[in-house]
Amino acid sequence: SLKASIFSLVQESHYCESDLFFSMWESEGVTPNGREYGGDVLTSTKHGVKIEGFYQRANSWYVSADIPSDLHVQIGEANFYLHKYPLLSRSGKLNRMLYDSREPELNKIAMDDLPGGPEAFELAAKFCYGVAIDLTASNISGLRCASEYLEMTEDLEEGNLIFKTEAFLSYVVLSSWRDSIIVLKNSEKLSPWAENLQIVRRCSESIAWKACANPKGIRWSYTGRAQKVSSPSWNEMKDSSPSRNQLVPPDWWFEDVSILRIDHFVRVITAIKVKGMRFELIGAGIMHYATKWLPGLAANETSIQGEETSINSSSSFSSGGDNGSWKGGLHMIVAGTRDETSSLQTKDQRMVIESLISIIPPQKDSVSCSFLLRLLRMANMLKVAHALITDLEKRVGMQFEQATLSDLLIPCYDKSETKFDVDLVQRLLEHFLIQEQTEGCSPSRQTFSDHKHVGSNLNAKARVARLVDSYLTEVSRDRNLSLTKFQVLAEALPESARVSDDGLYRAIDSYLKAHPTLTEHERKRLCRVMDCQKLSIDACMHAAQNERLPLRVVVQVLFSEQIKISNALANNSSLKSGGGGGGGGVESQYQPMVTNRKTLLEGTPQSFQEGWTTAKKDINTLKFELESVKTKYLELQHDMENLQKNFDKVMKQKHTSAWTSGWKKLSKLTKITNGENHDIGNHIPTSEEQIKKNARRWRNSIS
């Protein structure tokens, strides 16, 4: 309230000084803002020229006077037929041009570089003749620059045009929000004069001070946010001064500032930052400006070349006598071919994007992630400087968890074979992970609760994991997407980021469907990025019947699902046994869990039960085959041991003597004879003969 009262006192003092200044001005024959001079005969006795007024024929201006004109001033296509003495008495430049010339009778001067053009020189010439002129916010900037160009200083005559235009700027324009905007807008055609005369700086600071003022103390008129698609021009707008009971929104200044050219808008935003406005509000103002000056940003267009863009929703500003008129956005009516117009629009849009990137507040969430991604899309399309694109990518990585799939589908504008820029998303993900790691290690973050910080990081990574899986599903349909790029992007996130791998399985299945020519090795390599234990029941059922997956992956899915069900059944049986052995309190304690289990089983679809029966049969078959393989392996191992023993025996026989080998042959022959006799003895009915045979065999063996 104290600042508002001080500001109102300053305004009142300015108005008092301006009233005193106007009274001084009226005494010299110049009317203040809003007054017009009539068709009366005005005399300038001081200069000795009696005139009746100015009149125009086509592009030429004449003075009705009692003496003929002796000076022809040409400015562009406009011609002024005037008198030397009134102009030379107030313009130092015309004095120097005439008297320093080698031609003594010089009566024609060309000044094509005069700032403000013929309109400003017309007002300056009328001032020299003593004709009352009308100073407004629309012509003051051009007239101030023209007076400086013509050197209409106080050294030639007191109260010259430089003094009066400077006073009007300081006491009238800079104290008004609306006039400051208009003067700054008109200064676009006056570079570098407006910059050198500090018109741009003073207007920018005045706008910044008023934009940062307390909304409760605002009593001046402003445009506010547009309610309709098309907003009226400045000349058609009515005063919208807020009443005392009306609440002024914090974004009241967005619409007025958005009509400025990008370089002047940057000056205003820079001044607003210095004044200490909240970064969220500055970011919202930048986004509002971008949507008006970058039509492709809102429409998500993928091409600008060859298209004529115009924004009907932009505020239009026009001034009479201009060769071109701004209609909002970047659509300028210029003479030339369509290709030249398109290249001009592309150049202007590139300049707007580069400037906006440089003034976005560095704080996180100052602008939305969707806005940053759309800006990044246009920056890649228009070939913005690489350093600015890198900075923009880092800004996106700071809030990558807020992105959406539609914003991530950025086309590849270089000569790459892929449809979407997968490398760009890979870089954004890397910036996000680096940012998360930096925030986790920063001392400032350790002042908060560790559990809350860890939970927020896990939630952010989980959202990013779902986003990346959706992106992989979308880009996997591209037949030119290599397996390496898919695998690198899928494995970029840590394992803890994904609670479920259903989205990743969906992306893998989509990639296999779009690339049917993959080899078995490539399919296994692709499925290696997925954890089968993180698949849901529905995903497991789909994977068990998916013919595109390798058989090894299907077996892993089935085994993991069997383990899950076995653990669930074991837990259920332990709960039932615990409930039966305990008292009534224990039984009542576990009864709700049994009921929930029954509810879950009843809610299980019939297709899942049938599919599980088939899967169980397949598992039993695989188990039987595995046991058969084990048996065959044991048999082969036993045969191998026997062969090894026989081989060792053969090697030992080479080192034995002939007597030992003969002994072994004799012992073998004895064993064979015993076997034969044993077989013959089975057919002899009497025991006495058997005894005789045994005695004879004993004698033979001893001999």
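These are my notebook entries on what I looked up in this predicted model.

**Ground rules**

I number residues from 1 along each chain as its sequence is written, and side-chain values use heavy atoms, with hydrogens and water left out. Since the model is predicted, local features need pLDDT of at least 70 and side-chain atom pairs count only at pLDDT 80 or more, while totals for chains, interfaces and linings use all residues.

**Entry: helix α4**

Helix α4 has 12 residues and reaches 17 Å from its first C-alpha to its last, close to the 16 Å expected at 1.5 Å a residue. The expected span is 1.5 Å times one less than the number of residues.

My cut-offs: buried is under 20% relative accessible area, exposed is over 50%, and partly exposed is in between, with a 1.4 Å probe and protein chains only. The buried residues of α4 include Phe-121, Leu-123 and Phe-127, but also Glu-122 and Lys-126. Just after α4, I noted that Gly-130 takes a positive phi of about 85°.

**Entry: salt bridges**

I found that the structure holds 17 salt bridges (a side-chain nitrogen of Lys or Arg within 4 Å of a carboxyl oxygen of Asp or Glu). I looked up a few of them.

Glu-148 pairs with Arg-144, and their closest N and O atoms are 2.9 Å apart. Both lie in helix α5 (residues 140–149), 4 residues apart, or about one turn of the helix. Glu-148 is partly exposed at 28% relative accessible area, whereas Arg-144 is buried at 6%.

Arg-202 and Glu-166 meet through their side chains in another salt bridge, 2.4 Å from N to O. That pair links distant parts of the chain, with Arg-202 in helix α9 (residues 199–211) and Glu-166 in helix α6 (residues 161–173), 36 residues apart. Arg-202 counts as buried at 16% relative accessibility, and Glu-166 as partly exposed at 22%.

Which residues do salt bridges with shared partners join into one network? My note reads Arg-144, Glu-148, Glu-166 and Arg-202.

I also logged Asp-263 with Arg-261, whose side chains meet in a salt bridge at 2.8 Å, N to O. Asp-263 counts as partly exposed at 33% relative accessibility.

Where did I find a cis peptide bond? It joins Ser-191 and Pro-192, with omega about 0°. Pro-192 lies in the loop between α7 (177–186) and α8 (193–196).

I then checked positive phi in residues other than glycine. Glu-151 has a phi of about 60° although it is not a glycine. Glu-151 is in the loop between α5 and α6 and is partly exposed at 27% relative accessible area. Gln-198 has a positive phi of about 65°, and it is not a glycine either. Gln-198 sits in the loop between α8 and α9 and counts as partly exposed at 32% relative accessibility.

**Entry: helix pairs**

I looked at α20 (residues 483–490) and α22 (residues 520–527), whose axes come within 10 Å and cross at roughly 20°. Axes here are lines fitted to C-alpha atoms, for helices over the stretch in contact, and angles run from 0 to 180 degrees between N-to-C directions. So I call α20 and α22 roughly parallel to each other (under 35 degrees; over 145 is roughly antiparallel, 65 to 115 roughly perpendicular and the rest oblique). α20 passes α22 in a left-handed crossing, that is, the near helix is turned anticlockwise from the far one by less than a right angle, with clockwise being right-handed.

The axes of α21 (residues 502–514) and α23 (residues 537–544) come within 10 Å and cross at roughly 25°. I therefore put α21 and α23 down as roughly parallel to each other, and their crossing is left-handed.

**Entry: Arg-377**

Arg-377 is in helix α15 (residues 369–381) and is buried, with a relative accessible area of 6%. I noted that Arg-377 and Pro-411 are 34 residues apart in sequence and 7.9 Å apart in space, C-alpha to C-alpha.

**Entry: UniProt record**

In an unreviewed entry, UniProt lists residues 626–653 as "coiled-coil region". UniProt positions follow the numbering used here, feature names are shortened, and annotations may be inferred rather than shown by experiment. In the model, that span is 100% helix and 0% strand, with its end C-alpha atoms 41 Å apart.

Definitions and conventions. Helices (H or I, at least four residues) and strands (E, at least two) are DSSP runs, numbered from the N terminus.
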